[in-house]
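The following paragraphs lead through a two-part account of a protein model. Please consult the sequence and the coordinates alongside the text.

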2 protein chains.
Amino acid sequence: MRYKITLSYDGSGFCGWQSQKSGGSIQDAVEFALEKLTGIKTRVTASGRTDAGVHALAQVAHFDIEKDLTEKTVIGGLNAYLPRSVRVLAAERANDNFDARKSAKRKTYMYLMYRGSELPVLSGRALCIGDNVNVDAMRDAARFLAGTHDFKTFMASGGGAKTSVRTVYDTRFEDDKFFVKFYITANGFLYNMVRIIVAQLLKIGKGGNIDMRELIALCDRNNAKELAPPDGLYLYDVKYE
Amino acid sequence: MRYKITLSYDGSGFCGWQSQKSGGSIQDAVEFALEKLTGIKTRVTASGRTDAGVHALAQVAHFDIEKDLTEKTVIGGLNAYLPRSVRVLAAERANDNFDARKSAKRKTYMYLMYRGSELPVLSGRALCIGDNVNVDAMRDAARFLAGTHDFKTFMASGGGAKTSVRTVYDTRFEDDKFFVKFYITANGFLYNMVRIIVAQLLKIGKGGNIDMRELIALCDRNNAKELAPPDGLYLYDVKYE
């Protein structure tokens, strides 16, 4: 029987989603909790990896287990064995051909920034951008990301993607004077893609003279070497058919 | 020479503002950093204690030191020796009769709550209140707090206050559908006063039949035993003449 779960986590204490030999991954924590709950060692597959320090407001994962578990048992049982920094928000039985990774149609990431001085309660959870960032300039530049492009400029090596072509459906800025939120929705993301894009947008916001269309067209990471820290990055939503 | 500093901290890893023999207080951390910076052991006085786990967006403190330090030196120097969870936001020379505690005229606390399921990135930093809380009822009840009253009902023992009479200038709710923020401004607060009030407001929000005027008039903590967790409590602002 296949189960679909929705998870939220504070990634700041973890080495990322994917299981590592050295431990400390979110996947390890979820698989440990699932074994504690059911007595069966089970593999959990997420919609995608998140890097060390990256958070999730709604990560989706699936697993197969030959047990008839209620929604309440899965949520309550896993949460009882998970650290507080990982919570299961929802659980349901899924069709056998549902695959958290392969069936994902669009994903949204949010990058959380805030103005003013660095605030400890936001440390590791958002990026402090000070007071001299031009969000309108960032918003204007981000618009050129929409569409189907080869995003090689914004791809770190080591991701193992077959193609660097992706379709960005939408970018959006929300600016409430204190928090600045950047949302980007695509059919998929390359390795470090959002953090490389955010680093370029921040350079633009600080007065950098960067032509986003040209930057995309160059298809060369050497023109966009900076990487925004994971602190502000949240996997925000994963949509399926 | 007297200096006034404004601090922000994430209280979740600390035993509170006040220095403890066992260490682990914010005061200890600030005094340690000040000694590292100046070579002189110096006492730092805050506008008031915050309890273990309580945060500050803007705590004010003062200290005396026979050194001519620029604003930049105080801010940068202290932050270099402070843990990331404590930041100095501002510093200035103050008049000798300025006292961070005694000169404070009004303080504002904010209590941060959020709807829905518990989110790990907010763990220790806000209180999850689920989806069935009537904020309008809480707002209506909170209005009765305004004014000069004996707030003994909302005073935990051990605070050592000479009188339990305080003047609440204002209470305010902000509700953006996800976050619910409760602000309360007074000339001073009794021990645990905000957390005891929030616990009662939450009971009201969940349908409890509580008459706030009567509760205040009873002047008896036995009618308000609950204590909201420190997680959502922020010292928000301290005003001087």
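Two strands are said to pair if DSSP finds at least two bridges between them. The strands themselves (E, at least two residues), like the helices (H or I, at least four residues), are DSSP runs numbered from the N terminus. The model is a predicted one, in which local features need pLDDT of at least 70 and side-chain atom pairs count only at pLDDT 80 or more, whereas totals for chains, interfaces and linings use all residues. Residues are numbered from 1 along each chain as its sequence is written, chains are lettered from A and ligands numbered from 1 in the order in which they are written, and side-chain values use heavy atoms, with hydrogens and water left out.

The hairpin of E8(B) and E9(B) has three residues between the strands, and B:Lys177 takes a positive phi near 80 degrees in it. Because six of its eight residues are buried, E9(B) is largely enclosed by the rest of the structure. Buried here means under 20% relative accessible area, exposed means over 50%, and partly exposed lies in between (1.4 Å probe, protein chains only).

Attention now turns to charged side chains. Side chains of opposite charge can pair when their charged atoms come close. With a salt bridge taken as a side-chain nitrogen of Lys or Arg within 4 Å of a carboxyl oxygen of Asp or Glu, a search of the whole structure finds 28 of them over all chains. One of these joins A:Asp64 to A:Arg2, with the closest N and O atoms 2.7 Å apart. Since A:Asp64 belongs to strand E3 of chain A and A:Arg2 to strand E1 of chain A, the pair ties together parts that are 62 residues apart in sequence. A:Asp64 is partly exposed at a relative accessible area of 37%, while A:Arg2 is buried at 14%. In another salt bridge, A:Lys41 meets A:Glu35 with the closest N and O atoms 3.6 Å apart; A:Lys41 is exposed at 71%, and A:Glu35 is partly exposed at 32%. A network of salt bridges links A:Arg172, A:Glu174 and A:Lys181.

In contact (heavy atoms within 4.5 Å) are 18 residues of chain A and 18 residues of chain B. The area buried between them, that is, the accessible area (1.4 Å probe) that two parts lose on being put together, summed over both, is about 1500 Å², and carbon and sulfur atoms give 61% of this. A:Arg84, A:Pro120 and A:Val121 supply 38% of the area that chain A buries against chain B, more than any other three residues. Two salt bridges are counted between chain A and chain B. A:Arg84 takes part in a salt bridge with B:Glu118 (3.2 Å, N to O). Strand E1 (2-9), strand E3 (55-64) and strand E4 (86-94) of chain A each supply at least two residues of the side that touches chain B, and E4(A) gives the most, with three residues.
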